[in-house]
Amino acid sequence: MWLAAAILSSFFAGLTAILAKCGIKNTDSDVATAIRTFVVLLFSWVMVFIVGSAHTITGIAAKSLVFLVLSGISTGASWICYFKALAMGDVNKVAPIDKSSTVLSVLLAIVLFNETEHLAAKLLGTAVLATGIFLMIQKKKDAGPQKSGPWFIYAVLSAVFAALTSILAKIGITGVESNLGTAIRTGVVLVIAWGIVFTKGKAAQVKTIDKRELAFISLSGLATGASWLCYYYAIQTGVVSVVVPIDKLSIVVTVLFSYVVFKEKLTAKAFAGLCLMVAGTLAMAIWA
């Protein structure tokens with residue numbers, strides 16, 4: 001059961017990007033992020049009540065709460081940048097850059113938390129993963145010189161904020177049940193997302209969203225929530241060293257769906273990059 005849950009976690013995580021892309025063809029990315037976050041928040045609290053950790057919220061230390069909030073702010077920034085990148089660029093190009101947060105997270109963990117066990121293997125896996133990412137984000141030959149600029153910047157910022165999220169969460173989650181910590185962070189993200197919508201005067205757009213796109217945005221949130229539920233179950237009942245690499249390989253699911261749905265084909269170089277990303281991710285998971 002836990003192995004099936006891990007596979008489903010990876011599947012839903014990969015599906016999230018595709019559903020999100022379908023939902024922001026004409027819908028503003030900030031509005032879409034706000035709606036999607038609301039759906040994810042519902043899933044987060046469902047997880048909290050399933051494990052029965054809601055009553056422990058009053059016992060969270062001030063330091064942990066501060067870092068959980070900072071982690072939520074970083075998550076919100078990452079999601080906003082990710083949605084903007086998806087709205088402007090190909091899924092096949094945005095997703096691997098977003099996954100580069102793994103590289104940043106590993107390097108930051110080594111420096112900040114002195115996680116130097118199997119250091120050579122970690123650095124080798126990181127280098128392989130980074131090489132794969134570089135190969136996958138090469139511009140198409142028919143792309144204009146200015147076309148890839150904006151989405152690339154947002155995708156990089158998404159990865160940077162995602163990496164900071166992991167580091168801040170590691171500090172903030174100390175002594176806090178992981179699902180409750182996730183729910184708190186998601187609540188912060190919701191406030192940020194809707195704050196941006198209202199600040200930019202986009203609230204009125206919520207009423208005019210195409211029903212089809214609203215459905216895809218909601219499904220994207222549901223996919224994220226389903227991924228988290230499956231991942232939590234797999235981690236709790238299975239072998240972590242097997243579950244984690246399976247979950248990280250959601251990039252493969254994203255690429256396959258982007259080919260089927262958007263006809264975004266990989267070049268030979270990009271396919272080689274995908275293989276390197278898979279190899280690097282597995283190496284880090286095995287020797288972490």
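Partly exposed describes a residue between buried, under 20% relative accessible area, and exposed, over 50%. The model used here is predicted.

**Exercise 1.** How many aromatic pairs does the model hold, and what is the geometry of the pair Trp151 and Phe152?

*Solution.* The count is four aromatic pairs. One of them joins Trp151 and Phe152, with 6.0 Å centre to centre and 85° between the planes. Planes over 60 degrees apart count as edge-to-face, so this pair is edge-to-face. Next, check burial. Trp151 is buried at 5%. Phe152, at 34%, is partly exposed.

**Exercise 2.** What type of pair do the rings of Trp194 and Phe198 form, and where do the two residues sit?

*Solution.* The ring centres are 6.1 Å apart and the planes stand at 40°, so the pair is tilted. Both residues belong to helix H8 (residues 178–199). They are four residues apart there, so about one helical turn separates them.

**Exercise 3.** Describe how helix H1 (residues 2–23) and helix H3 (residues 62–88) cross.

*Solution.* Their axes come within 9 Å and cross at roughly 65°. H1 and H3 are therefore roughly perpendicular. The crossing is right-handed. H1 contributes Ala17, Ala20 and Lys21 to the contact, and H3 contributes Tyr82, Phe83, Leu86 and Ala87.

**Exercise 4.** Which residue lies over the face of Trp79?

*Solution.* Arg36 does, at 4.7 Å from the ring centre.

Definitions and conventions. Residues are numbered from 1 along each chain as its sequence is written. This is a predicted model: local features need pLDDT of at least 70, side-chain atom pairs count only at pLDDT 80 or more; totals for chains, interfaces and linings use all residues. Side-chain values use heavy atoms; hydrogens and water are left out. Rings of Phe, Tyr and Trp (its six-membered ring) pair if their centres lie within 6.5 Å; planes under 30 degrees apart count as stacked, over 60 as edge-to-face and the rest as tilted. Buried means under 20% relative accessible area, exposed over 50%, partly exposed in between (1.4 Å probe, protein chains only). A charge sits over a ring if NZ of Lys or CZ of Arg is within 6 Å of the ring centre and within 35 degrees of the ring normal. Axes are lines fitted to C-alpha atoms, for helices over the stretch in contact, and angles run from 0 to 180 degrees between N-to-C directions. Angles under 35 degrees count as roughly parallel, over 145 as roughly antiparallel, 65 to 115 as roughly perpendicular and the rest as oblique. A crossing is left-handed if the near helix is turned anticlockwise from the far one by less than a right angle, and right-handed if clockwise. Contact means heavy atoms within 4.5 Å.
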